[in-house]
Structure formats: structure tokens, C-alpha cells
Amino acid sequence: MQVIQSLQEMQGLAIEMRGKGKLLGLVPTMGALHEGHLSLIDICREKADVTIVSIFLNPTQFGPNEDLDSYPQPLEEDLEACKARGADIVFAPARGEVYPKDYSTYINEELYSRGMCGTSRPGHFRGVTTVVAILFNICRPDVAVFGQKDGQQVAIIRKMVRDLHFPVEIVTGPTVREPDGLAMSSRNRYLDSVLRRESIKLYNALMEGKKLVDKGFLNVNRITAEVTHYLSQTHLIRIIYIEVVDKETMLPEQEIRPGKSMLAAAIWLDQTRLIDNLEL
Ligand SMILES: Nc1ncnc2c1ncn2[C@@H]1O[C@H](COP(=O)(O)OP(=O)(O)OP(=O)(O)O)[C@@H](O)[C@H]1O
Ligand SMILES: CC(C)(CO)[C@@H](O)C(=O)[O-]
Ligand code: BAL
């Protein structure tokens, strides 16, 4: 496995490999890798000849009071995990090379990013689309793989690719969960044993909503009220949002459309921000 830091070297190699007819795959990450990320490497390897994993803690998607400075960065462990899973290249650029002092160009998707995490983390998706566009231009992937756990993110990236005609296929990998249902996330590392026990309530609450839909209740307010009620039973949880949206556009649904709607939620569990979603 090759580890590349330089943008110029990565772009040169990508162009050379494409010239030889290789199909390139990219798995963008911010590091602190877990089984969720590694499952995306498996998907990428099935689709592409060469699997590139990028590890870059992207400052432009963090708000001023967010956890950029405390975000875990176990680079050596991450490299071992990528190697063991069969990645061909890890691209781990330096912050100063991606964003030199005079950097001034941003990409803003303005429709799918209006609600949910777009509302509660202003500027977040502008940072995500910008860095993903940079990564696409450097790594030149034919295929890029993202996780359904960040459902709004992948919808916005698909929209950016469509609007700006990036020649890349976007593939979504299913959410990988702990045995009790908690969606894997790098931020789960922040949870002590008490918070870890509470964290499962996010998935359980979404499941309560889904069960109602499976019984035939299609009223959005009924479903979100059920999820709110479930999450309100502990003082450690503060709800950021609970929404039912179209799973492609992330726009709010008037009524649940089975197979087309997504139930999504974000919470503060003490100081840790967790998100999850289920297709209804
Ligand atoms: N549990 C999961 N299952 C599948 N994909 C996942 C999972 N968690 C993260 N991913 C995907 O991995 C990619 C990199 O995500 P990222 O590095 O932000 O990890 P994360 O664990 O989601 O971290 P965070 O705690 O910042 O949300 C994204 O496409 C994301 O959707
Ligand atoms: C897509 C991404 C790697 C961009 O920094 C990030 O938002 C993430 O890890 O999901
Ligand atoms: N998975 C999205 C990365 C972030 O929370 O900033």
C-alpha cells in the first residue's frame, strides 16, 4: 500500500493510472477509521481496480465551536487498517497544502442542504462539497463511495456531481452498526460507558417510528412525536432535529411514502453530536 501526501504526486499518479485504463475508486474519510469506513473500502474494491482512501480532517466543514481540535487522529492505526483491508493507496494530504493561506474558492449546494444538518451546522456542507470537489480533482476517481449514515451528505454530493457534471459514479454503502444497533461513528470514541449505554436510544427511537410506519401510520407528525417522546425520557439527550424527508432530495415530506421517505435525527448526547437515519 502506498501512502501519498503530495497533491501533485497524487494527481500525477491518478492521471497515469487512468491513462493505463485502470478504474479508480475513492473512499473519502476524516480518519479514526472503524468498520463503517472499512466496509466502504470493501465496496470500492469490488467496483474499481485501484482503491484510494483519503484521510483528511477537513477544517472548512467544522463550525467555530465544534470538535476540530479534539477530533481523534490515530494515523498509524488508520494506515494499518487500510492496509489490512486491501486499500492500494492512502492519500493523506497536509492541511496547508489543501488550503494554502490564500485559498478562496467554495462550492455551495443550496437546496438539499437547507434543512437538518445544514440548519444546525451552518457552513458545514459548504465545507464538505468544497473538499470533496478538491479530492475528486486530485484523485480523479471513476467511483466514489460514501456511507448512508451521513444520508444528507451523500444526497448533497450526488446533487453536486449532477449539477457540476463531475465524471464520477457515487455509490452509497449501508450504515454499519454495533451489535446493539448504534451506528458506528468516529465520535462514538467520545462516549464513556454511561453515555455509550444511553447512545442506543437514538437508534431505538428511530426504530419506534419505523414500527409505526410498518403498522400503517403515515402521518409525519405522529411519527416524529413518537420519536421525540422516546428521546425525551433522558436528561442526557437534547434533540437537534427529528425529520421525515424525501430520501433523494432531503426535502420535508408532507406524508410518509413507504420506500421513498427517510426518518433522520440528530441529538446531543451530553457533549457529543450523533446522527442516524432509517429508510421508512
Ligand atoms: N456506520 C457507518 N456505516 C457506513 N458508513 C459510514 C459509517 N460511519 C461513517 N461512514 C462513512 O464514512 C465516510 C467517512 O465518514 P467520517 O470520517 O466522517 O466518519 P464518521 O464515523 O461518520 O465520523 P463522524 O463522527 O465525524 O460523523 C462517510 O462517507 C461516512 O458516511
Ligand atoms: C466526506 C468527508 C470525508 C469530507 O470531509 C466527510 O464529510 C466525512 O468523513 O463524511
Ligand atoms: N460525517 C460528516 C463529518 C462531520 O461530522 O463533520
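Helices (H or I, at least four residues) and strands (E, at least two) are DSSP runs, numbered from the N terminus. The model is predicted: local features need pLDDT of at least 70, side-chain atom pairs count only at pLDDT 80 or more, and totals for chains, interfaces and linings use all residues. Residues are numbered from 1 along each chain as its sequence is written, while chains are lettered from A and ligands numbered from 1 in the order in which they are written.

Strand β2 (24–29) and helix α6 (124–139) each supply at least two residues of the shell around ligand 2. The largest share, three residues, comes from α6. The surrounding residues (C-beta atom, placed from the backbone, within 6 Å of the molecule) are P28, T29, M30, N58, Q61, V128, V131, V132, D150 and Q153. Five are nonpolar, four polar and one charged. Here Ala, Val, Leu, Ile, Met, Phe, Trp, Tyr, Cys and Pro count as nonpolar, Asp, Glu, Lys and Arg as charged, and the others, Gly among them, as polar.

Ligand 1 is surrounded by 18 residues. G36, G147, M184, S186 and R187 are the closest. Helix α2 (35–47) and strand β5 (143–147) each give at least two residues to this shell, and α2 gives the most, with four. The shell around ligand 1 holds six nonpolar, nine polar and three charged residues.

Helices α8 (residues 193–214) and α9 (residues 220–231) also pack together. Their axes, lines fitted to C-alpha atoms over the stretch in contact, come within 9 Å and cross at roughly 150°. Angles run from 0 to 180 degrees between N-to-C directions.
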